[in-house]
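Visitor: Could you walk me through this one? I'd like to begin with the sheet and then look at the backbone.

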Amino acid sequence: MAGRINDDDVKAVRDAVPIDSVVSEYLQLRNAGGGNLKGLCPFHDEKSPSFQVSPSKGLFHCFGCQEGGDTLAFVMKIDHLTFSETVERLAAKAGITLRYEEGGYNPSHQRGERIRLIEAHKAAAQFYVEQLDSPEAEIGRKFLAGRGFDQAAAAHFGVGYSPAGWDHLTRYLRGKGFSDKELITSGLSQDGRRGPIDRFRGRLMWPISDTSGEIVGFGARKLRDDDNGPKYLNTPETSIYKKSQVLYGIDLAKKDIAKASRAVVVEGYTDVMACHLAGVTTAIATCGTAFGNDHIKILRRLLMDNGSARVIFTFDGDAAGQKAALRAFEDDQKFAAETYIAIAPDSMDPCDLRLAKGDEAVRDLVEPRTPLFEFALRQIVRRYDLETPAGRAAALDEAAAVVAKIKTSSVQREVAVQLAGFVGILDQEFVVHRVAQLAHWARKDRNNRGDRGTGPGGLSRPGAPQQTVQAPTVPSGPALNLRSPAHRTERELLKLALQKPALVSPAFDAYGIDEFTAPPYAAVRQCVADAGGAEQGLAETREYLVAVLDAAPNDTVRNLVTELAVEVFHGKSIDETYAGMQLVQVRLRAVDRRINDVQGSLARLGSNVAPDDLAAAQNEVWVLQQYAQSLRANGADAL
């Protein structure tokens, strides 16, 4: 096995790759104030952004699901990588050569599976591109030219050609050092009678990349009549390719989707190419599957669900396209964006439309006109004879059940009013009532099944959206009460110790664990102590935060550390005066608690206290009272 990656190299990778640039490959980030950025969390569904990134500290934290950590933790979590695989991937991005403690440099055959599969796909893509220039690939070049794509267009999208022989790619990748097992696992090869053979043969090849731009699969188009396979053949499901979780063209479109708050969903690879070449650079497509929930999650993170966000579907006008539109409408409300449908004249797809009428026609096609809900409801209603009462009633029953799924009551009512017009029912309130009734029955049925959709109990943290989040549960003791002035001040002091240690050092390091009354805060204070104290952050804040995170005993405490390290402060001016106030308040409350404890003990014991013990206790109270008076009078100077 390869040895452990050198610690200095891990640090170099962590420092070299800015966390905001990595996170931005997966979701749109916007200014959150205080030097932080925010976006929709990629680890749980949410309507408003509670995911924050602190570029200066190299940390992220979600105030909704409590996930947090550094750049390495983010990549490990989102791409399901091991620690070593993550360091290796980011090292390659930063151009850093890694050293290993045992056995020298890491041989390529010992690298993590995901990285090996990605490298195999990258090599395969290059092979296919080179093959597109071969005499055999003339049929492929003619296919592209017939659809309006020249050599430059093919190169831009990485289109290639897979030779018609049995094992051209397999032999090529073996020569690159890939094992037969890796080739089968990747889906690039498949088992034959005498060993692995190429999965794709004699076809045009489109590389399919994930959001970060790494090639994870291929789409292959049939070219010859003697090819008995399907018209389009995709990579099978692998550890890196899940067709329900990838969108073709997302690597090229993601920046423009985020910038324009707009996405265009088309049906195929050539449609994506046609749209981009026509200037619609926000076009993406699914890969051999219906547009579904995981695709929505990808787009929502890029669109950020602002009020002007638009998603335009360009389904064909045929029966299959109508079915796809209705299926998309089922998931419509998972977007906060407005959804539309665009159907070209004569039911042409964007590729055909570009050939027939040019780039301008494609750009005009995707201008939002028909809301998806309107199209979906009209498709339902048109199946019935609206000239008869029975036909109108049947149309209403089916369409109302769809409208009843709309969760927002005001939107539900508005669509119900429009449905009345589609069906031809003059009594709009009757339709509104019918929809509301169906919605009520559906909720009641879910409740009877125990599917109440209740979220975890918890607390609303300062600086986070007002929603329920789970409070840390260790160590044992009373939960956080953020209405408590004591807990609020302890939280601010810990934030200062993590984010601006220079303002509270060296005084903070003299504070005992017991001065933090909330057990979760006491746990964080212990982490700071175990990392060498807040003074360690004076020279290098990032290294200090990594040490504090490493000192955390479990994920709950570790997540609270990242939360406090990125949360904004409550004060307007975060300076020595503000820091001094927090230091004084935490210490003063600790002193007052000790005074009360001693006086309470004396009161309980009454006359049973030995004279010497009584004198000692009274002296301690007097000293503490003088200290408290000095803290109130002199502030931080009395610490």
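**Sheet and backbone**

Guide: Four strands form an open sheet in the order S6-S9-S10-S11, with antiparallel pairing, where strands are DSSP runs of E of at least two residues and helices are runs of H or I of at least four, numbered from the N terminus, and two strands pair if DSSP finds at least two bridges between them. This is a predicted model, in which local features need pLDDT of at least 70, side-chain atom pairs count only at pLDDT 80 or more, and totals for chains, interfaces and linings use all residues. Residues are numbered from 1 along each chain as its sequence is written, and side-chain values use heavy atoms, leaving out hydrogens and water.

Visitor: Which are the edge strands?

Guide: Strand S6 (160-162) and strand S11 (232-234), each of which pairs on one side only.

Visitor: And how many bridges join S6 to strand S9?

Guide: Three bridges join S6 to S9 (residues 203-209), and these strands run antiparallel; in S9, Met205 is the bridge partner of Gly160.

Visitor: Switching topic, where does Gln66 sit?

Guide: Gln66 is in the loop between strand S4 (59-62) and strand S5 (68-70), and has a positive phi of about 75 degrees although it is not a glycine.

Visitor: Is Gln66 buried or exposed?

Guide: Gln66 is buried, with a relative accessible area of 10%, where buried means under 20%, exposed over 50% and partly exposed in between, using a 1.4 Å probe and protein chains only.

Visitor: What about the peptide bond between Ser505 and Pro506?

Guide: That bond is cis, with omega about 0 degrees, and Pro506 is found in the loop between helix H21 (501-504) and helix H22 (519-530).
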